[in-house]
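Subject: Structure handover

Hello,

Here is the structure for you to look over. My notes follow below it.

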Amino acid sequence: MKNKRSETSNYMRFVLLIIMVLHTFSLQVFAQQNTLDSLLAILQKKTTPDTTRINTLNETGMAYWKNGDDSIASNYHKKAIAEAGKTKFYLGEAKARLQLVRMELEHLSDVDGAHLQLDTAYQIAYKRDNEWIEAMCHFRRAQVYAMGFYEYKDTIPILFEKARLLFMEADDKSMEGAVYSELASIEAGEGKYAAAVDYLQKARTLQESTGDLNALRATLPNLGVMYLNLKLYDKALQIFDDASSNAIKLNDQRVLAFIDYQKGFIYKEQEKFEMALAHYHQAAILFSNAGAINVSTNIYARIAEVYLLQNKLDSALYHNRMADSLYKKNVSITETFFHYTQLNFAKIYLAKKDYTKAIAYATEGRDTLIHTNVVLAEELAGYHQVLAEAFEATGKYQLALQNFKAYKAWSDSLINDETNQRVLTSNLTYDFEKKEQATQLKLQIARQQKLKQSQGFLVVLLIIALAIGAYMLHNNKRLSQNNKQLSQKNAEIEKALYTGQKMERKRLAAELHDNLNTQLAAIKWYLEAMQVNQLQEQNKKLHNKLLVMTDDLYRDLRLISHLLLPVALEENDLEGALNKLVSRINESSKVFFTLHYRPIPLLPEHVSHQLYSICLELVNNVIKHAKATHAEIYILQQHGGASIELRVEDNGQGIPAELINKGIGLQNINQRALALGGKVAVQNKGKNGGASISILAPLNKVMA
């Protein structure tokens, strides 16, 4: 008995099962509902059987399958087979039959039907001499055998190798990589993890060369499984995270479910039971939504196992019954799934001290293994352990001793296997390190050779760069001198321009003050001298309106005159001019103004003129339109002295939204602000009433 070895652990058998399932899905999953809608629309338009319609039927079937609607998907593929037979479109028929086999790999409820589909697809391949169809038939047949049919164990690698060679001839790198992944699964099932990793690396290289994310959807998770079985859990979790990122891009729920299952196992082994349960439950939901009932059976059994480890026996029993019910209802392969739930039942009832049921379940499980050709050391050890403890508890010491001896024998074989695995892990880690060192050495040598080859070229480039640098330095010096001269000329031109503008403003201001203002004053006197008592009421109103308009026009002309030539600014600096302005306004206006002038650098004359003009415009707007009683004028430095701000705030009615960006006065202010390199900000104060208009300009540009 000690010479017998378990072909695979309970866990590894399930992992291999899911790996086979994962390899059955290769198409990308993006916007599935939109894809379905567009495919159904094509089928509605194209009702006559031809190659396009048959391809669309197959694509529609796959879209429904990816949505978890397997029965609808099956109907579309059967339609494709029927129409392909009429039109002699053999490739469409073969793809439909192969897809039906692919779907059966998830359920295993009609394995004989899957073989019949494959037989027909083989006939098509041979009749049409199509290597790709033949390769797919070998590939799918091997996958079906690998789902638990141990009698075909020796046939599986032969079929995969035939498929690989044919895929190479067809230059299908994605499927060639898929074969390597399947071969890795076989090696892993025999505990040959180094060989499995080697196969997966080959698969990854081939599949990455295609740039197809779907090609990596199974390879990356399987690589994580290899690390898991080597008990390199941190590395496994890292690989699973990479696989999750890839699956999320593909919107692939099945792969995400598989990864959740693997993470659940890792956290269980690390005794992080709550995290394990969270991932197991998520995997159960995802697999159930995808219709993978056979997989869900095992996951519920695993959940029961975690609850058993936590001594939550009722929860363990509930979930194990769920697993057992699903198994008996949906799964047609007995050997693969039977012991998942059977051993759990035996252990749960033993923990509940229901020794009669514990003995019954353990005996049935043990006898099932004894009467088959399959040697499962882990399960046999588990059954004998339960029987030994149950018989001892019930006083049947002779039977307890017999089962304890059997348990010890099978446990020793498991310990030997685990010891070998640890040695393998150590050797594999050493091999990885050696390969990594060899790779680094090769890269280093390649870099050195490349460096030597480029040294001469770099020397030439250095000489050219020095020559260019010297030339650029010389040109830069000349350009700097030219810029300096140009700046001086620009300053002279600006000064002359400002002087000319100042002279013209004086002339226009004098013209306005001496002529237009005098004439407006005369008009006002004539209007005031008129006898209005004898006028009709309508004419009296017109007379009053003319007087008001004359007053407004007179004030506007005086404002324009001040804007053109602010006398106060000619006689004082900006602060003095604004103080005089505020004093004069407060004597005659209904709005009371307050000036807040913080110390700022002495400003150039043209800047002071612009700020004064902006302030006059804002003050005039407040007096004429704001309906305010008080206003504040601020001139101060902001941002640590980097900017200068002019702001006028009032407590009036605010500025209508439609005028904030369209008002003539605000547009004029904006133009003047732009001349200073600044910008205007307009804000209504909300429920408290009033408005705030500020101009912020960079001081370095203002002082330039």
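In what order do the strands of the open sheet lie? The order is β1-β2-β3-β5-β4, a sheet of 5 strands with mixed pairing. Two strands count as paired if DSSP finds at least two bridges between them. Helices (H or I, at least four residues) and strands (E, at least two) are DSSP runs, numbered from the N terminus.

First, the ground rules. This is a predicted model, in which local features need pLDDT of at least 70 and side-chain atom pairs count only at pLDDT 80 or more, while totals for chains, interfaces and linings use all residues. Residues are numbered from 1 along each chain as its sequence is written, and side-chain values use heavy atoms, with hydrogens and water left out.

Strands β1 (592–597) and β4 (679–684) form the edges, each pairing on one side only. On average, neighbouring strands are turned by 10° against each other, direction ignored. Axes are lines fitted to C-alpha atoms, for helices over the stretch in contact, and angles run from 0 to 180 degrees between N-to-C directions.

Strands β4 and β5 (residues 691–698) run antiparallel and are joined by 6 bridges. Ala681 has Ser694 in β5 as its bridge partner.

Two helices lie across this sheet. Helix α23 (residues 574–588) lies across β1 and β2 (630–638), at about 165° to β1. Helix α24 (residues 605–626) lies across β1, β2, β3 (643–650) and β5, at about 15° to β3. Contact here means heavy atoms within 4.5 Å.

The cores

A nonpolar core is a set of buried Ala, Val, Leu, Ile, Met, Phe, Trp, Tyr and Cys residues joined through side-chain atoms within 4.5 Å. Buried means under 20% relative accessible area, exposed over 50%, and partly exposed in between (1.4 Å probe, protein chains only).

The largest core has 73 residues. Met226, Leu228, Phe240, Ile266, Tyr280, Ile299 and Ile303 touch the most other members. Helix α13 (residues 253–269) gives the most to this core, with 9 residues. Another core, of 40 residues, lies apart from it and includes Ile600, Val622, Ile644 and Ala697.

Cysteines

How many disulfides are there? The count is 0, taking a disulfide as a pair of cysteine sulfur atoms within 2.5 Å. Cys137 is buried at 0% relative accessible area. Cys615 is buried too, at 0%.

Salt bridges

There are 17 salt bridges. Each is a side-chain nitrogen of Lys or Arg within 4 Å of a carboxyl oxygen of Asp or Glu.

- Arg141 and Asp119: the closest N and O atoms are 2.6 Å apart. The pair links distant parts of the chain, with Arg141 in helix α7 (residues 131–145) and Asp119 in helix α6 (residues 111–128), 22 residues apart. Arg141 is buried at 10% relative accessible area, whereas Asp119 is partly exposed at 33%.
- Asp198 and Lys202: the closest N and O atoms are 3.8 Å apart. Both residues sit in helix α10 (residues 193–210), 4 residues apart, about one turn of the helix. Asp198 is partly exposed at 34%, and Lys202 is partly exposed at 37%.
- Asp252 and Arg217: their side chains meet at 2.4 Å, N to O. Asp252 is in the loop between α12 (233–250) and α13, and Arg217 is in the loop between α10 and α11 (219–229), 35 residues apart. Asp252 and Arg217 are both buried.
- Lys268, Glu269, Arg302 and Glu305: salt bridges that share partners join these residues into one network.

Best wishes
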